[in-house]
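Subject: Structure for you to look at

Hello,

Please find the structure below. My notes come after it.

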Amino acid sequence: MQAVDNLSRIAWGEKAVASGKADKVPQALAGLLSPDEQVRNRSYWQLDNEVVLQSDLYEAAYFVIPFLVSFLRDHVPYGRDRVYDLLYEITNGEAPPTVMCRTTEGDGIPLKAACTREVKKGLAVYIRDTKDADPLVKQKAKQLVDVVGGEGIICPAGSSDAALDLCLRAIRRYWPQAVFENALTGERVDRYESLSVGLLAEVLVYQNRQAVHEWDKHPSSPSLGNSVIRLLPAQGSMTAAVYEPADQSVRKILQSIELPLKIDMLNRPTETPERRAA
Amino acid sequence: MSSNSAEVLEKLLRDNELKWLIDWWLPPGQAIPALLGLLNAATKESRRLLGSSGPEFTVDMLVNESQQNAHKVKAFLQALGDTRKPEMLVMVWRILQGMRIQAIDMSYQERNHFRLRCVLNSPYENKPETYESSDIVDAMLLRHLGIMEMDNGPVFEGFYPLRSG
């Protein structure tokens with residue numbers, strides 16, 4: 001799994017946790033996904049006592065979040081309920097405004113704000129999981145969406161590539177200057193035709209270049225919530241998530257996306273035709 | 001036609017669950033040469049309509065594109081089985097590339113005439129392209145169009161593969 005492989009890319013020994021430095025965090029994160037429930041529970045409590053102890057956030061919490069979101073996105077077979085527990089704890093954690101964090105975007109902001117922003121990046125994944133077959137995951141995903149804020153639609157989709165394509169094109173109708181970002185790599189393109197749709201696991205669509213600049217400068221600003229849409233194609237479903245669902249402009253876009261997916265337009269069968277002459 | 005492009009096209013069709021197109025062709029065994037001929041004719045049509053910037057429909061291009069946008073190539077290959085008109089293949093590819101479907105007119109008179117006229121336009125500038133067919137088989141292509149609404153108005157958006165099987 002890519003997320004676990006990437007654990008070594010973080011200098012955990014330099015990140016703070018409750019007991020000192022976060023050297024043991026990668027092992028605990030991997031343990032969170034163990035088929036052995038005891039290992040999962042032990043890993044959970046280890047993380048809970050280190051990155052967010054009694055609601056106090058520590059620096060390593062920020063760096064743990066992308067891995068937790070990635071585990072959920074990949075639909076790991078074990079431990080998703082515990083991943084949600086940790087994200088919930090981190091989201092509700094606190095840190096004095098003077099405790100700063102150097103984020104992956106390169107800015108230095110208070111740790112609490114950095115964690116909130118990072119958790120929000122998983123919104124489409126949480127919304128997708130509110131329809132999960134596992135009732136525990138479903139319930140915990142709903143709890144997290146309530147805390148994070150935002151809304152979305154989840155529709156069945158026979159072909160996730162085609163469904164994503166349709167959503168991208170529908171959004172471009174409303175936002176002709178849309179900028180598309182591969183949420184996993186951060187790579188951005190200005191034109192729909194430059195996208196390799198089949199290689200995208202999650203996409204952010206910004207209203208225009210201006211919105212991209214604003215998001216880069218003030219990623220936590222709630223006023224920007226109506227200028228980005230997150231799209232998450234998955235096997236059998238398509239999720240579109242927005243941070244400001246009350247905004248009429250984004251609501252209209254969601255409605256436009258919803259119609260073709262709800263009528264199962266992309267699941268029309270082919271018919272074997274009559275013999276055809278050249 | 002090189003034997004290599006024939007083999008690659010056959011594999012592409014089989015990988016996209018279009019084996020029937022090869023097996024059911026009349027006369028038997030002529031599917032691949034005929035389809036390669038159709039692709040070649042589509043390239044000529046594309047250059048006639050769009051000049052040197054018009055897409056070139058080679059098997060290599062389809063293979064490369066399928067690595068980035070497999071669903072688009074699948075839709076295009078399905079269209080290859082739906083139409084006999086090179087111009088319609090150019091139209092399909094232009095929609096797949098991102099062109100908006102600005103207008104569609106279809107008229108039909110039993111045993112008398114059929115006409116399909118599609119106007120595509122760029123999402124970025126006003127550069128309409130018109131494609132026409134009088135072959136009723138091309139009505140098959142309409143099944144692939146994406147359907148949505150904008151401000152309660154109808155919109156055809158995109159060209160999508162149908163589910164196989």
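Predicted model: local features only at pLDDT ≥ 70, side-chain atom pairs only at ≥ 80, totals over all residues.

Residues are numbered from 1 along each chain as its sequence is written, chains are lettered from A and ligands numbered from 1 in the order in which they are written, and side-chain values use heavy atoms, without hydrogens and water.

Chain B has six helices and six strands (DSSP runs: H or I of at least four residues for helices, E of at least two for strands, numbered from the N terminus). Its radius of gyration is 16 Å, close to the 15 Å of the globule rule for 165 residues, so chain B is as compact as a globular protein of that length (taken over C-alpha atoms; the rule is 2.2 Å times the number of residues to the power 0.38). Of the 165 residues of chain B, 50% are buried (under 20% relative accessible area, 1.4 Å probe, protein chains only). Among contacts in chain B between residues at least 6 apart in sequence, 51% join residues at least 24 apart (a contact means heavy atoms within 4.5 Å).

In chain A, helix α10 (residues 209–217) has A:Ala211, A:Val212 and A:Trp215 buried. The buried residues of α10(A) fall within an arc of 105° seen down its axis, so they line one face of the helix (the arc is that of the directions from the helix axis to the C-beta atoms). They pack against β8 (179–182), β9 (188–189), β10 (203–206) and β11 (228–234) of chain A.

Regards
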